[in-house]
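Subject: Structure handover

Hello,

I am passing on the structure below, followed by notes on what was found in it. Please keep it open while you read.

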Amino acid sequence: MTEGYQQKPCSCQVKRYVQTMDLKDEPELIARYRKAHSREESWPEIREGIRQVGILEMEVYIIGQRLVMIVDAPLDFDWDKAMSRLATLPRQAEWEAFVAQFQKCEATATSDEKWQMMERIFHLYD
């Protein structure tokens, strides 16, 4: 982990969103949540839907039961429109219901209701 994670190159300028959410504090559920997000187990329709709404990259990080999600999108990306559209795409509601069993959230919450947007308070100022 101390070697860092290589970022995908992008031919356009991007903006970044950072969100957080907690999982239920149950090691077995956390292990199942991690597995559900692995390359082998993640649902292709969900990955495709994320791309369809204009997201260039999405990463989820974990420490303990705390999740942090980083979303990179083009400068003209409209978060609210994209999340509204994402909620209507194939299998998205099914995915949200599936992962809700692991998350500290209402069982019927949409992705946009579960994840809390974080405020940037520091960067390497120019």
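The model is a predicted one.

The largest pocket has a volume of about 1100 Å³. Its lining counts 37 residues, and those closest to the centre are His-37, Arg-47, Met-58, Glu-59 and Val-60. Strand E2 gives the largest share of that lining, 6 residues. E2 spans 57–63, and it is one of the elements that each supply at least two lining residues; the others are helix H1 (27–36), helix H2 (44–52), strand E3 (66–74), helix H3 (79–86), helix H4 (92–100) and helix H5 (111–114). By type, the lining of the largest pocket holds 21 nonpolar, 7 polar and 9 charged residues.

Surface

A nonpolar patch on the surface is formed by Ile-121, Phe-122, Leu-124 and Tyr-125, which together have about 550 Å² of accessible area. Ile-121 sits in the segment after strand E4 (116–117). Ile-121 counts as exposed because its relative accessible area is 72%, and the cut-off for exposed is over 50%.

Regards

Definitions and conventions: Residues are numbered from 1 along each chain as its sequence is written. This is a predicted model: local features need pLDDT of at least 70, side-chain atom pairs count only at pLDDT 80 or more; totals for chains, interfaces and linings use all residues. Side-chain values use heavy atoms; hydrogens and water are left out. On a 1 Å grid over the protein atoms alone, a cavity is a set of points where a 1.4 Å probe fits but cannot get out, and a pocket is an open set with protein on both sides within 12 Å along at least five of seven lines; lining residues have an atom within 4 Å of a point. Grid points are joined across faces, edges and corners, and a volume is the space filled by probe spheres set on the points. Helices (H or I, at least four residues) and strands (E, at least two) are DSSP runs, numbered from the N terminus. Ala, Val, Leu, Ile, Met, Phe, Trp, Tyr, Cys and Pro count as nonpolar, Asp, Glu, Lys and Arg as charged, and the others, Gly among them, as polar. Patches are made of residues with over 30% relative accessible area and no salt bridge: like charges are joined within 9 Å, nonpolar side chains (Val, Leu, Ile, Met, Phe, Trp, Tyr) within 5 Å. Accessible areas come from the Shrake-Rupley method with a 1.4 Å probe; for residues, only the protein chains shown count as cover. A salt bridge is a side-chain nitrogen of Lys or Arg within 4 Å of a carboxyl oxygen of Asp or Glu. Buried means under 20% relative accessible area, exposed over 50%, partly exposed in between (1.4 Å probe, protein chains only).
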